[in-house]
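The stops below are meant to be selected in order.

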Amino acid sequence: MKLLRYGPAGQEKPGCLDAEGRVRDLSGHVSDIAGTALLPDTIARLKALDVATLPVVEGTPQSDLRLGPCVGQTGKFVCIGLNYADHAAESGMDVPPEPVIFNKWTSAIIGPDDDVIIPRGSKKTDWEVELGVVIGKGGSYIDDANAMDHVAGFCVINDVSEREYQIERAGTWDKGKGCDTFGPTGPWLVTPDEVGDFDNLAMWLEVDGVRHQNGSTATMVYKVPHLIAYCSQFMSLQPGDIISTGTPPGVGMGLKPPTYLKGGEIMRLGIEGLGVQTQTVRNAK
């Protein structure tokens, strides 16, 4: 099932995508794609619905019908760094001996096609296509073997990053990762049964039609179940939390010469079976 949230920013309603690519309204069944709606029992109940009987929402998704972030009320936006060996190499860093955890602030979360805003004074705003994992059943000290029981679904993330803020200025990576609009999420939350082999999904990103990233989740160093288990050793995971699992090579920082967003570009990115995002890059006023 492909779950989504549609409508104006801050006023999104719950929906799903039908077989013809139309949005169907789920407001009669859940109040939002968030919180308890992401628990296994609720997801099972939604999947049992006859989608063809649900109200059709007027408009074409990602055209004249805006989609918001595919999950609402996210409490934690946890990210994993250097989780693709070839990306670590292009960054001039070693593959870490255990997962690197950093955070995006939840104020970074936007819809999949909303504008990305370059912060004032930024010189090195960059892109990163990533597989996002959305937590359904919460928990702490989760075992690798049981980790997938805690997953509501998967989605596309653009881990937009300001490299000067992240690397060259004092402090943690977080200040370069969590700027407003730096977390486009969606277009939909795809339940695991529909995703299939999440360890072998093609993923890509283009800027102004030029493909820079062309990778696969198959080259992840630390796999999804381990990342869930690992993160849960340091924090409780709750419904709606997002774990963004790292990026393949081809980021602007790794190009020769390094290339960064200046404003006016169009980013397009996608992951096999999870949809496509399109963002216009603008400068902060």
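## Stop 1: a proline in a loop

The model is predicted. Select proline 248, which sits in the loop that runs between strand S16 (242-244) and strand S17 (266-271). Is proline 248 buried or exposed? Its relative accessibility is 1%, so proline 248 counts as buried, the cut-off for that label being under 20%.

Next, show what surrounds proline 248. Setting aside neighbours within four places in sequence, the residues in contact with proline 248 are Tyr84, His87, Glu90, Val129, Met203, Gln213 and Gly215.

## Stop 2: a glutamate in a strand

Move to glutamate 206, in strand S14 (residues 202-207). Glutamate 206 has a relative accessible area of 15% and is therefore buried. Which side chain does glutamate 206 join through a polar contact? The partner is arginine 211, with the two side chains joined at 3.0 Å.

## Stop 3: the annotated domain

Finally, select residues 76-282, which UniProt lists in an unreviewed entry as "domain: Fumarylacetoacetase-like C-terminal". Colour this range by secondary structure: the chain here is 14% helix and 33% strand. A distance drawn between the end C-alpha atoms of the range gives 26 Å.

Methods:
Residues numbered from 1 in each chain as written. Predicted model: local features only at pLDDT ≥ 70, side-chain atom pairs only at ≥ 80, totals over all residues. Heavy atoms only, no water. Helix = DSSP H or I, 4+ residues; strand = E, 2+ residues; numbered from the N terminus. Buried < 20%, exposed > 50% of the residue type's maximum accessible area, 1.4 Å probe, protein only. Polar contact = N/O pair within 3.5 Å; in protein donor to acceptor, adjacent residues only side chain to side chain. Contact = heavy atoms within 4.5 Å. UniProt positions renumbered as here; feature names shortened; annotations may be inferred.
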